[in-house]
Amino acid sequence: TYDRRWEEWLKELPLLELRSVPRCVKPVDFGEVKSRQIHIFSDASNVGYGLVAYQRGNEGRIHCSFLMGKARIAPIKAVTLPRLELTAATVSVWLGDIIKKELDDKAETIQYHTAFVSVVRYIAYEQKRFHVYVANRVQLIRNLSDHNQWRYVNTRENPADDASR
């Protein structure tokens, strides 16, 4: 049965050439974009963590486009949920940095959203000392973003929630 499934998969592989995915993140009839923002959402669970990035364009009307998503399985060694959330936030700023470099039309702002209020607090508290694990990630996040770019988003409204499950 494994051999048969493999043969079927190989036989269907050429069908991928018939698929096309539009690469333009702006509809053809949208007109000139007056304002462009990037919104990156992150979330974590005991199973893993995920991120999703969208571009929001405005020209009198609003259009949102999916840019990129990532999902990772949690490490085998048990890691606390706050640490996984912080890891997801760290990967968010890396993703934001990549998107800034790769987009031809630069965004005015990048906004980061997390479903874990402690991550927002970690980033905002400049006077507090953290354990090494937390301090290293918070420092990296601060190097690549400003604490004003970070917002809390309810889990039910967070599109990255699906990727973390």
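**Exercise 1. Is tryptophan 6 buried, partly exposed or exposed?**

Solution. The structure is a predicted model, in which local features need pLDDT of at least 70 and side-chain atom pairs count only at pLDDT 80 or more, while totals for chains, interfaces and linings use all residues. Residues are numbered from 1 along each chain as its sequence is written, and side-chain values use heavy atoms, with hydrogens and water left out.

Step 1. The classes are buried (under 20% relative accessible area), exposed (over 50%) and partly exposed (in between), with a 1.4 Å probe and protein chains only.

Step 2. Tryptophan 6 has 42% relative accessibility and therefore counts as partly exposed. Tryptophan 9, at 47%, also counts as partly exposed.

**Exercise 2. Describe the aromatic pairs that involve tryptophan 6 and tyrosine 54.**

Solution. Step 1. Rings of Phe, Tyr and Trp (its six-membered ring) pair if their centres lie within 6.5 Å; planes under 30 degrees apart are stacked, over 60 edge-to-face, and the rest tilted. The structure holds 5 such pairs.

Step 2. Tryptophan 6 and tryptophan 9 are stacked, with 5.3 Å centre to centre and 25 degrees between the planes. Both lie in helix α1 (residues 2-12), and because they are 3 residues apart, about one helical turn separates them. Helices (H or I, at least four residues) and strands (E, at least two) are DSSP runs, numbered from the N terminus.

Step 3. Tyrosine 54 and phenylalanine 66 form an edge-to-face pair, at 6.0 Å centre to centre and 75 degrees between the planes. This pair links distant parts of the chain: tyrosine 54 belongs to strand β2 and phenylalanine 66 to strand β3 (residues 62-73), 12 residues apart.

Step 4. Ring pairs join Phe41, Tyr54 and Phe66 into a cluster. Tyrosine 54 is partly exposed, with a relative accessible area of 25%.

**Exercise 3. Which strands pair with β1, and in which sense?**

Solution. Step 1. Two strands pair if DSSP finds at least two bridges between them.

Step 2. β1 and β2 (residues 48-58) pair in the antiparallel sense over 10 bridges, and they form a hairpin with 3 residues between them. Histidine 39 has tyrosine 54 as its bridge partner in β2.

Step 3. β1 and β4 (residues 109-114) run parallel and are joined by 6 bridges. Here isoleucine 38 has isoleucine 110 as its bridge partner in β4.

Step 4. Of the 10 residues of β1 (residues 35-44), 9 are buried, so the strand is largely enclosed by the rest of the structure.

Step 5. Serine 45 lies in the loop between β1 and β2 and, at 5% relative accessibility, counts as buried.

**Exercise 4. Which residues of helix α3 are buried, and where do they pack?**

Solution. Step 1. In α3 (residues 117-124), the residues Val119, Val120, Tyr122 and Ile123 are buried. Seen down the helix axis, the buried residues fall within an arc of 160 degrees (taken from the directions from the axis to the C-beta atoms), so they line one face of α3.

Step 2. These residues pack against α2 (81-102), β4, α4 (132-144) and β5 (150-152), where contact means heavy atoms within 4.5 Å.

Step 3. Leucine 86 touches Val119 and Tyr122, among others, not counting residues up to four places away in sequence.

**Exercise 5. Which residues of the largest nonpolar core touch the most other members?**

Solution. Step 1. A nonpolar core is a set of buried Ala, Val, Leu, Ile, Met, Phe, Trp, Tyr and Cys residues joined through side-chain atoms within 4.5 Å.

Step 2. Of the 27 residues in the largest core, Ile40, Leu86, Ile99, Ile141 and Trp150 touch the most other members.

Step 3. The elements giving two or more residues to this core are β1, β2, α2, β4, α3 and α4. Helix α2 gives the most, with 8 residues.
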